[in-house]
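Hi,

Here is the model we talked about, with its sequence. Please open it first, then read my notes below.

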Amino acid sequence: MYKHLFFDLDHTLWDHNTNSKQALDEVYQHFDLHTYGIPSSHQFYLKFNEINHRLWDLYEQGKIAQPELRHNRFRMIFSELGCYDYSLCDKISDNYINISVRKPNLLPNAKSVLDYLFPKYPLHIITNGFMEVQDIKMTSGGIKHYFREIVTFQNSGFKKPEVGIFEYALDLVGAKPHECIMIGDSFQSDIVGATKAGIDTVFFNPDGRKQDITLQPKHEVRDLIELKGIL
């Protein structure tokens, strides 16, 4: 039925939470962050997630740019602690990115599903992540060779859920919307965005999150292994 499959990367294939937690633990130890009033690396991880999620929402809405996202995360954490040494915050930011993108952890069954799909379909990535780090993440996770095209804001000029990024991807692979399906974990960015572009969707929803919106994905799965019964 489909000629091309589009995947999101972070939180869909690449295990962002595990990789981020491991990287933040290393950063916490390296910079002795307990001396700044952060009681544990776990608390550091929780605060980072809270602020990172907030800033990513702003980035995807076009309200902040990439440098603000990358550096403000740690500046905001330390400002709450009364520390305004932004040069230190920027060093921590660079260190975190350098470590986290090289972590290899994938979500359960990601590799086996890609092994199954790879001989059957051309596979591609559509991501709001930054091109220079997505390539490293895919290489670190051992999955880069599965994918033909990687579509980002940098090469398309659009971010999910904007229809433009999906239209760019369709033009790039030479396909019509009904010939493709998008698999992703973000209901707003992946499912709503692709649906508006006329592309079928698979909502990867491992936590069973409820959505208030009436729009329904073509399929919903809790485990990536379920894709074998769909594709």
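Start with Tyr 59 and Phe 130: both are buried. Keep in mind that this is a predicted model.

Aromatic contacts

I paired rings whose centres lie within 6.5 Å. That gives twelve aromatic pairs. Tyr 59 and Phe 130 form an edge-to-face pair, because their ring planes stand at 80°, and the cut-off for that class is over 60 degrees. Their centres are 5.4 Å apart. This pair links distant parts of the chain, 71 residues apart. Tyr 59 belongs to helix 2 (residues 41–60). Phe 130 sits in the loop that runs between strand 2 (123–126) and helix 6 (131–140).

Next, look at Phe 187 and Phe 203. Their planes also make an angle of 80°, so this pair is edge-to-face, with 5.2 Å between the ring centres. Phe 187 is in helix 9 (residues 187–196) and Phe 203 is in strand 5 (residues 200–204), so the contact ties together parts 16 residues apart in sequence. Phe 187 and Phe 203 are buried.

There is also a cluster. Tyr 28, Phe 44, Phe 48, Phe 74 and Tyr 96 are joined by ring pairs.

Charges over rings

Two lysines are worth a look. Lys 159 places its charged end over the ring of Phe 153, at 4.5 Å from the centre. Lys 21 lies over the face of Tyr 45, and here the distance to the ring centre is 5.7 Å.

What covers strand 2, on one face or both? Both faces are covered. Leu 123 and Ile 125 are buried on one side. His 124 and Ile 126 are buried on the other.

Strand 2 pairs with strand 1 (residues 4–7) in the parallel sense, over three bridges. Within strand 2, His 124 is the residue that stands opposite Phe 6. Strand 2 also runs parallel to strand 3 (residues 147–151), and four bridges join them. Ile 126 has Val 151 in strand 3 as its bridge partner.

How does the chain get from strand 2 to strand 3? It crosses through helix 6, as a right-handed β-α-β crossover.

Then turn to Phe 187 with Phe 203 as another. Finish on strand 2, with its two covered faces.

Best wishes

Notes. Residues are numbered from 1 along each chain as its sequence is written. This is a predicted model: local features need pLDDT of at least 70, side-chain atom pairs count only at pLDDT 80 or more; totals for chains, interfaces and linings use all residues. Side-chain values use heavy atoms; hydrogens and water are left out. Rings of Phe, Tyr and Trp (its six-membered ring) pair if their centres lie within 6.5 Å; planes under 30 degrees apart count as stacked, over 60 as edge-to-face and the rest as tilted. Buried means under 20% relative accessible area, exposed over 50%, partly exposed in between (1.4 Å probe, protein chains only). A charge sits over a ring if NZ of Lys or CZ of Arg is within 6 Å of the ring centre and within 35 degrees of the ring normal. Two strands pair if DSSP finds at least two bridges between them. A crossover is right-handed if, with the strands pointing away from the viewer, the path from the first strand over the helix to the second runs clockwise.
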